[in-house]
Amino acid sequence: MQAAATTHAMTLPQRLKDAFSVAFIALLLGIPMIGLTTTDEGGTALKVLTRWPALALFVAICFVGRLALQVVREALARRRARRPAKAPAQAGSSRLLTVIGWAGVGAALLVPVAFSDNRYAVDLATTVLIYVMLGWGLNVVVGLAGLLDLGYVAFYAVGAYTYALLSTQLGWSFWQALPVAGGVAAFFGVILGYPTLRLRGDYLAIVTLGFGEIIRLILVNWTSFSGGPNGISEIPRPGLFGYNFTPPGSEHSIADLLQIDYSPMQRLFFLYYLILALALLTNLFVRGMRKLPTGRAWEAVREDEIACKALGINTTHIKLAAFAIGAMLGGFAGVFFAARQGFISPESFTFSESAIILAIVVLGGMGSQMGVVLASLVLVLLPELGRDFAQYRMLLFGAAMVLIMVWRPGGILAHRAPTLVYTGPKGDQA
Amino acid sequence: MMLQLSGLNAHYGHVHALCGVDLAVQGGEIVTLIGANGAGKSTLMMSIFGVPRASSGRILFEGEDITQLPTHQISHRGIALVPEGRRIYPRMTVLENLQMGTAKADPTNFQTDLDRMEALFPILADRRDQRAGTLSGGEQQMLAIARALMSRPKLLMLDEPSLGLAPLYIKKIFQIIRELKRDFGMTVLLVEQNANHALKVADRAYVLQHGRIVLSGTGAELLASPEVRAAYLDGGGGH
């Protein structure tokens with residue numbers, strides 16, 4: 001019943017035998033699980049009832065399902081065999097990705113227009129974009145430099161708390177705090193990076209996991225500094241050139257300035273476009289970095305660190321740069337998060353956030369920018385769309401992740417665009 | 001003297017891997033280091049690069065003491081290493097691999113150096129945009145050598161370049177080593193298990209045993225030496 005058996009076309013008796021054996025196992029498993037059920041008879045008595053028709057149906061479904069699965073698998077195997085063995089034309093798929101990328105940006109710009117009266121949709125799209133930005137940031141560390149980081153949420157938290165404290169304590173505005181918070185997060189990135197320079201893989205993962213927890217525990221316990229479990233509230237919302245999205249009549253209201261009717265949706269749209277702009281800038285920044293010597297060396301360090309040393313690449317600087325830049329981008333996302341929520345607490349920065357961001361990078365395809373977008377859409381929208389399934393929601397979520405990994409073990413988009421393309425002897429080699 | 005090791009000791013944990021090694025390489029010559037598995041050949045190469053750091057002794061390169069320099073600085077002095085097992089970047093293209101060799105080189109030289117390498121290794125021009133991991137073992141070795149040469153080194157160190165290659169490619173690799181010396185005046189320090197081939201291309205050679213230099217001489221001398229023949233050429237550890 002292994003996959004290997006189904007790669008060759010099976011004869012009908014073989015198929016039936018295979019399906020029968022599956023049905024038999026289903027029957028054995030089904031007798032206690034489906035065939036028998038208990039009902040409460042009142043008091044302490046339990047009565048065992050039998051459900052043979054349901055069991056028969058279950059076994060029949062397994063039998064037919066197995067037959068159908070064989071057919072589908074064989075069709076897939078045949079199609080795979082027919083596909084030419086040589087690698088697909090890289091240029092073609094790169095161009096296609098570019099087109100899809102621009103279409104995605106266009107669609108993202110139109111979201112508030114299309115959902116102008118749907119608060120929920122715009123909010124959800126904003127959440128997706130936060131995860132896209134976090135994914136692009138973590139992609140630098142995990143996807144490009146190959147440094148497995150399980151504590152990325154720490155930098156998100158550092159960014160969020162830096163803005164929250166600067167704004168509530170010192171009255172800094174969003175735009176003043178943004179670069180500072182990015183710098184603070186980058187500093188924490190170096191603090192994490194320095195002691196872990198010699199670690200790789202699982203060992204690095206454990207240390208980063210611990211780092212993420214340390215930051216969260218500090219935030220929980222250092223009450224006088226961070227507000228402890230109560231968090232920080234009344235964080236100012238971001239404004240635009242000193243004007244705020246507040247009702248008319250209040251100080252510096254954009255509605256008054258532009259002489260337009262006030263609607264609470266305006267602030268939502270502004271937040272949406274703000275995170276869209278931040279995310280796109282992140283993307284351009286990372287794209288640009290990949291073409292610079294440091295960014296190129298990230299991938300080289302991921303591929304083979306010893307070779308890098310032999311070629312005179314300073315792997316210490318390269319890894320610290322990856323940690324610092326990844327952390328900075330996470331910090332920016334954190335600032336936006338704090339400004340959007342208006343309230344933050346350590347609850348928002350648990351390990352499960354790190355795990356989701358990492359899942360976005362891995363499912364999307366390590367190092368793939370477009371993959372991060374697709375994976376964010378899947379991982380954020382799926383649990384939302386799945387709300388109708390009530391308690392089966394997370395089951396659905398898990399099943400989707402397993403399916404993606406089975407279907408595309410290298411991530412949704414495993415394609416890697418070369419950073420350097422030959423342009424001929426006289427051409428520009430940048 | 002281009003490279004001079006004197007009294008070099010190195011340890012891996014408690015293992016004394018190199019015991020007072022003295023070795024010299026002059027500009028423009030091919031020096032070979034032969035020895036059995038585990039004799040410390042690769043350790044000697046790597047300790048020149050500071051991994052592991054020499055626990056005592058001195059490494060001079062063009063008269064400068066490089067014993068304590070950081071690894072990347074040693075490389076920037078003009079030493080390039082082709083590590084054992086090739087260690088190309090499999091998911092990057094051939095062109096990108098070559099570019100990684102130019103970490104500190106002048107970027108305006110890139111095209112000239114690329115043309116030079118593609119003339120020396122025509123196969124790399126054909127495979128330019130292919131992922132390096134899809135190359136055959138011999139092609140990967142060519143790429144590894146070309147990548148190291150992209151930094152315009154004064155001294156090229158090759159660690160077991162013929163390891164695991166088909167006989168045709170082994171011949172080709174040694175042919176290239178000869179050409180590098182003849183056409184570019186390259187200085188080469190070569191570590192090999194394939195003693196027969198290595199001694200034939202070498203001007204001078206050292207035999208390393210349990211971390212000590214036990215024999216040295218010209219390539220021809222060692223090739224004729226009964227001890228070397230017995231240990232590394234006629235059966236024994238040789239191929």
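## Two chains in touch

Chain B puts 28 residues into the contact and chain A puts in 21, where two residues touch if their C-beta atoms, placed from the backbone, lie within 7 Å. This is a predicted model, where local features need pLDDT of at least 70, side-chain atom pairs count only at pLDDT 80 or more, and totals for chains, interfaces and linings use all residues. Residues are numbered from 1 along each chain as its sequence is written, while chains are lettered from A and ligands numbered from 1 in the order in which they are written.

**Chain B's side of the contact**
- Helix H2 (71-76), H3 and helix H4 (110-120) of chain B each give two or more residues to the side that touches chain A. Helices (H or I, at least four residues) and strands (E, at least two) are DSSP runs, numbered from the N terminus.

**A tucked-in helix in chain A**
- Nine of the eleven residues of helix H12 (residues 293-303) of chain A are buried, so H12 is largely enclosed by the rest of the structure. Buried means that 20 or more other C-beta atoms lie within 10 Å of a residue's own, again placed from the backbone.
- The buried residues of H12(A) include A:Trp298, and their cover includes helix H3 (94-100) of chain B.

**A sheet in chain B**
- Six strands make an open, mixed sheet in the order S6-S7-S8-S3-S9-S10; strands pair if DSSP finds at least two bridges between them.
- Strand S6 (79-82) and strand S10 (212-218) of chain B sit at the edges with a single partner strand each, so one side of each has no neighbour in the sheet.
- Strands S3 (residues 30-34) and S9 (residues 204-209) of chain B pair in the parallel sense over four bridges, and B:Thr32 has B:Ala205 as its bridge partner.

Notes
A residue is buried if 20 or more other C-beta atoms lie within 10 Å of its own, exposed if 12 or fewer, and partly exposed in between; C-beta atoms are placed from the backbone.
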